[in-house]
Amino acid sequence: VSASPVVLRNSRIGGDNRKEGYIGSITVDGGTKVELDNSRIGNFDVQGITGVGAVTVNAESIVVNNGGVGSTGNKAGNAGVVINATNGSVEINDASINADGRGGKGGPVSITANDSISISNDSIIDTRGLGDGGGEIEITANSVLVGDSRIRSGDSRQGGGVIIIDAVDSIKINNSRLTSQTFGGAKSGDI
């Protein structure tokens, strides 16, 4: 999908796999802006054995409000999620960004902004796996705010993934949880 801007309201772009097979990648290039309002971009693999492709969103600024961007893999895991604001900010409000593996490894999530990243109002960034480890989470911007939200990577047997927050200016975390955990004997990822 390519346009400028790309605005989704009460809508969905994505692929579902309810049998064996691979779900391809999704790329949304929004030019000046991508805005999701009560909408979702993502892949969902219920029974597939070959995994799901990456979900990539690029624009100068990106707003995800009461919706989400995700890639849910089963058995073979998934290729993850990339959100890249090239000349502005990323705002995630009451929304989810996930690359979880239900029966495989969680995929990586990368969120990058030239200006700021705000994750707020009960939002969640999730890369949990089920048996093969959690995916890495990397958040990079000039400034990062995490408010009343959760960032988590974990696994029932293998370790959780690494969580990296890299900001040039400031990182503010208010009433939020950042966790990398395992319920087995493996090491959790570093934060």
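## Parallel pairing around β15

In this predicted model, strand β12 (residues 109-113) pairs with strand β15 (residues 137-147) in the parallel sense over four bridges. Within this pairing, S110 has E138 of β15 as its bridge partner.

Strand β13 (residues 116-120) also pairs with β15 in the parallel sense, over five bridges. Here S116 stands opposite S143 in β15. Strand β17 (residues 163-174) runs parallel to β15 and is joined to it by 10 bridges. In that pairing, T140 stands opposite D166 of β17.

## E35 and its surroundings

E35 is found in strand β4, which spans residues 33-37. Leaving aside residues up to four places away in sequence, E35 touches V6, V7, L8, R9 and V63. Its side chain makes a polar contact with the side chain of R9 at 3.5 Å.

## Salt bridges

Four salt bridges are found in a search of the whole structure. One of them links E35 and R9, with the closest N and O atoms 3.5 Å apart. Because E35 lies in strand β4 and R9 in strand β1 (residues 6-9), the pair ties together parts that are 26 residues apart in sequence.

R9 also meets D37 in a salt bridge between side chains (3.4 Å, N to O). R9 lies in β1 and D37 in β4, so this pair ties together parts 28 residues apart in sequence. Within β4, the side chains of K33 and E35 meet in a salt bridge of 3.7 Å, N to O. Through shared partners, salt bridges join R9, K33, E35 and D37 into one network.

Note on methods. Residues numbered from 1 in each chain as written. Predicted model: local features only at pLDDT ≥ 70, side-chain atom pairs only at ≥ 80, totals over all residues. Heavy atoms only, no water. Helix = DSSP H or I, 4+ residues; strand = E, 2+ residues; numbered from the N terminus. Polar contact = N/O pair within 3.5 Å; in protein donor to acceptor, adjacent residues only side chain to side chain. Contact = heavy atoms within 4.5 Å. Pairing = 2+ DSSP bridges.
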